[in-house]
Amino acid sequence: MSGLPRQFWWLWTSTLVNRLGGFVVTFLALYLTVDRGFSASYAGLVASLYGLGGSIASVVGGVLADRVGRRATMLVAQLGTAAVTALLGFVTHPVAIAVVAGLVGVTSNASRPALQAMLADLVPPKDRVRAFALNYWAINIGFGVSAGVAGLIAAQGYVWLFLGDALMTLLCAIVVFLKVKETLPDADTVPEVDEEPAGLGQVLRDQRFMALVGLTFLLGTVGQQGATTLSVDMGRSGFTASQYGLVIGLNGLLVVLLQIPVTRMMTGRSPASLLAAGALLMGWGFGLTAFAGTVGFYALTVTVWTLGEIVHAPASMAIVSDLAPARARGRYQGMFSLSWSAASFVGPLAGGFALDRWGGEAAWGACAVVGTVTAAGYWALLRTRGPVKAVESDTVEALEAVAREEVPMPASGPAPASPAAVRSSR
């Protein structure tokens, strides 16, 4: 943890504060179906609109971060998120709820490109993997804690979830306003580029890569069921918001604890086998939910698909970096990220519709089928490629650096955190 700029730790703190209050997205489907009495299909629609807003924000937020500045974009997005999140807790009309949820998706995701750009501005290339790993660690610590605490807050009234989320987002904005300075380079400091980088058309014409994007989109629709269909299914089965919070919070906890040892075991194995194994674990982990009838069994299913997430994430990052030409890596990574954003729009809709139309057994069975098909596709697409070495080795070293407590943080930064690894993110 040594050697990183002091401003990085303030950004790290703002991320942790923000994620500690990330109550609404996790419990939105449960709130709509149990507290408001809407159908699973409507809850899926609202969650999809949130995902659609996030897809739009990923592009708009990146443009604003480069044009008006990282800090300004973050502040406007965070203040906007606090306002519309609080509003979401008080609107009651179905159309109003859907519109405001879409706005929450836009504002809450608009700050991510700015944050990532600011981290890259602050941290030298040799330390960026470590810095992003630490920031991702903060995200998952916050997710695990907020998921467990939110269930207890919801028991006192769902409106407190929205107000608590808004308050924590406001505190995040205050940290950025007081402690974070603008890092957007001046135009005079940017070196001239003689050759234009490869355009988006090149990415779209790369059939192998676009097939990878399509397969990842399919798997992403399965992964979205943890925050939407799972909560509705547990609510219909008579489980409380607190029980759902503890079950889904296990996802973040397991990633924090297991990412380092699992990543070490994966080093040197072929990307085809890793992606296929991750897809099978995710698909069949969700598929097992069809047989769940107790909190313990639901926890078991979360454990299985979380292991798949842990296996899939570093392998997918490595193969995308391997497939992308050096001067088009940003576009390749952007298109790959879009597969997850599109899945966050389609996944909740498909899950809610399947649950309403055919029931839980069919919905969870479909997850198992999609996971199996995706695994077969990964294997067929990538089986001729060799092991993933460089990227995974770097990832292991970065994650081990995160877990060690060899050097204290700067005096003005947050207190040292306990050893942990990093979650892969959606």
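Mentor: Let's start with Gln 259, which is buried, with a relative accessible area of 3%. Here buried means under 20% relative accessible area, exposed means over 50%, and partly exposed is in between, using a 1.4 Å probe and protein chains only. Before going on, keep in mind that this is a predicted model: local features need pLDDT of at least 70, side-chain atom pairs count only at pLDDT 80 or more, and totals for chains, interfaces and linings use all residues. Residues are numbered from 1 along each chain as its sequence is written, and side-chain values use heavy atoms, with hydrogens and water left out.

Gln 259 sits in helix H11, residues 241-266. Helices (H or I, at least four residues) and strands (E, at least two) are DSSP runs, numbered from the N terminus. Go 50 residues along the sequence from Gln 259 and you have Glu 309; in space, their C-alpha atoms are 9.7 Å apart.

Now for the aromatic rings. Rings of Phe, Tyr and Trp (its six-membered ring) pair if their centres lie within 6.5 Å; planes under 30 degrees apart are stacked, over 60 edge-to-face, and the rest tilted. That rule gives ten aromatic pairs. Take Phe 286 and Trp 305: their ring centres are 4.5 Å apart and the planes are at 10 degrees, so this pair is stacked. It joins distant parts of the chain, with Phe 286 in helix H12 (residues 271-287) and Trp 305 in helix H13 (residues 295-323), 19 residues apart. Phe 286 has 0% relative accessibility, so it counts as buried, and Trp 305, at 3%, counts as buried too.

Phe 286 has another partner. Its ring centre is 6.2 Å from that of Trp 364, with the planes at 10 degrees, so that pair is stacked as well. This one also links distant parts of the chain: Phe 286 in H12 and Trp 364 in helix H15 (residues 360-382) are 78 residues apart.

Helix H9 (residues 207-223) packs with H15 at an angle of about 160 degrees, their axes 9 Å apart. Axes are lines fitted to C-alpha atoms, for helices over the stretch in contact, and angles run from 0 to 180 degrees between N-to-C directions. H9 and H15 are therefore roughly antiparallel; angles under 35 degrees count as roughly parallel, over 145 as roughly antiparallel, 65 to 115 as roughly perpendicular and the rest as oblique.

One more stop is helix H1, residues 6-20. Eleven of the 15 residues in H1 are buried, among them Phe 8, Trp 9 and Trp 12. Ring pairs link Phe 8, Trp 9 and Trp 12 into a cluster.

Helix H2 (residues 24-35) is also mostly covered, with nine of its twelve residues buried, including Phe 27 and Tyr 31. Just after H2, Gly 37 takes a positive phi of about 80 degrees.

Last, the cysteines: Cys 172 is buried, with a relative accessible area of 2%, and Cys 367 counts as buried at 5%. Searching the whole structure turns up zero disulfides, a disulfide being a pair of cysteine sulfur atoms within 2.5 Å.

Note on methods. The expected span of a helix is 1.5 Å times one less than its number of residues.
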